[in-house]
Amino acid sequence: MTIEKKQSEPIEPIIFRVSRIFGAFYEIYNEREGYNRAVLRGKLRLDKGDERNPIAVGDRVYVEKKQSSDYTILNRLGRDNFLIRKSEQGDSHVLCANVDNVGIIASLTDPETKTGFIDRSIAACYQAGIHPIIIFTKKDLLTEAELNEKTHFYEDLGYQILPVSYKDPISIQTLRESLLAKTTFFVGISGSGKSTLINSLFGEDIQKVNTISNSSKKGRHTTTNSYLVSIPPSGYIIDSPGIKEWGIFHIPREVLLASFPELQKSQSICKLAECCNLSDQCEMLKTLESGDLLPEREISMHSMLESLDRIHKVRTGNLKSGRFRGKNK
Ligand SMILES: Nc1nc2c(ncn2[C@@H]2O[C@H](COP(=O)(O)OP(=O)(O)O)[C@@H](O)[C@H]2O)c(=O)[nH]1
Ligand SMILES: [Mg+2]
């Protein structure tokens, strides 16, 4: 892409990735120029339409650098994928864009991350077509037998799992190798050991290193606290604020069911060419009700399906009017 400036002076825009958002300011990163601060071109600001923010952390953007070393974001490149979280109130939020993996940070103990959190995160990954890696933290606090019991549950379902401890450098190295040359979104409940893990991967305290972020912090205007950081020797991590639960209200019911490997098998034997939208012929529903799933799995799926029912009640109040946006007044 070439942008014409005063007709005679073409400018080659540079591609950066958005590493952090502070209200109207964007922190952008590329390997050659490091972290820099940018603003959005005026027109792009107006074009944003329905989206609360047209740019998410992880987006690739065309940037113009003026002589004064001010950076302006001209355009956003198309996204490979993106992850969103939708709350019960109908607020949806693009968490990040262009990611290869989601690292689900699940602490084995102190506090133990509930399987409900892991399963909701996996469902969100499934919907977005992004590979989940379950990173079990604090493995040093468990015996070998306890560790095996907890991790085999997900491993047997076919998921990639990585048990780690910041006290075990080999486990950190193994994790580093699986993240090589990839962009990985880290999600976890607070206290799960996410910051400790990122610092271990980075080699020092990331919050202190990311100086641009600190100098341009705009407190009240911050729309998202996620940030992208380049991890040596290659690859990126996007850290997200600790959350209680991944809101899955944007996920269609049949996609939620298909996010369970046990139910995917039933989906593949379904005789209908198109999804039946869960008619009584739905093979996935039949399997769910047949009692063939492990009890924990069945409880988890029913809990997720019940969450979807809750949003339908909210929707009757007409989300478009904005009545249920923001705070639940
Ligand atoms: N024993 C042990 N404690 C850990 C480990 N990782 C984190 N912690 C502790 O768990 C607490 C929460 O960690 P933190 O990284 O702040 O969690 P975050 O809220 O997910 O960012 C801190 O007291 C850490 O020292 C681990 O691998 N082993
Ligand atoms: Mg933290």
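1. P233 lies in the loop between β14 (227-230) and β15; helices (H or I, at least four residues) and strands (E, at least two) are DSSP runs, numbered from the N terminus. The peptide bond joining P232 and P233 is cis, with omega about 0°. This is a predicted model, in which local features need pLDDT of at least 70, side-chain atom pairs count only at pLDDT 80 or more, and totals for chains, interfaces and linings use all residues. Residues are numbered from 1 along each chain as its sequence is written, chains are lettered from A and ligands numbered from 1 in the order in which they are written, and side-chain values use heavy atoms, leaving out hydrogens and water.

2. A cis peptide bond also joins D110 and P111, with omega about -5°. P111 is placed in the loop between β10 (101-107) and α2. As background, most peptide bonds are trans, and most residues other than glycine have a negative phi.

3. Two residues with positive phi deserve a remark. N98, which is not a glycine, has a phi of about 60°, and its place is in the loop between β9 (92-97) and β10. N98 is buried, at a relative accessible area of 3% (buried means under 20% relative accessible area, exposed over 50%, partly exposed in between, with a 1.4 Å probe and protein chains only). K138, likewise not a glycine, has a phi of about 65° and is found in the loop between β11 (131-137) and α3 (144-156).

4. K138 also takes part in the surroundings of ligand 1: one of its polar side-chain atoms lies 2.9 Å from an oxygen atom of the ligand. Here a polar contact is a pair of N or O atoms within 3.5 Å; within protein, one must be able to donate a hydrogen and the other to accept it, and residues adjacent in sequence count only if both atoms are side-chain atoms. Backbone N or O atoms contribute as well, that of Y166 at 3.1 Å from a ligand oxygen and that of S192 at 3.2 Å. Taken alone, ligand 1 exposes 580 Å², of which the protein buries 69%; such areas come from the Shrake-Rupley method with a 1.4 Å probe, and for residues only the protein chains shown count as cover.

5. Which residues come nearest to ligand 1? Of the 14 residues around it, they are D140, G191, K194, S195 and T196, where near means that a heavy atom of the residue lies within 4 Å. By class, the shell has three nonpolar, seven polar and four charged residues. Ala, Val, Leu, Ile, Met, Phe, Trp, Tyr, Cys and Pro count as nonpolar, Asp, Glu, Lys and Arg as charged, and the others, Gly among them, as polar.

6. There are seven aromatic pairs: rings of Phe, Tyr and Trp (its six-membered ring) pair if their centres lie within 6.5 Å, and planes under 30 degrees apart count as stacked, over 60 as edge-to-face and the rest as tilted. F16 and Y71 form an edge-to-face pair, 5.5 Å centre to centre with 80° between the planes. This pair links distant parts of the chain, since F16 is in strand β3 (residues 14-22) and Y71 in strand β7 (residues 71-76), 55 residues apart. F16 is buried, at 1% relative accessible area, and Y71 is buried at 6%.

7. F136, F153, Y154 and Y159 form one aromatic cluster.
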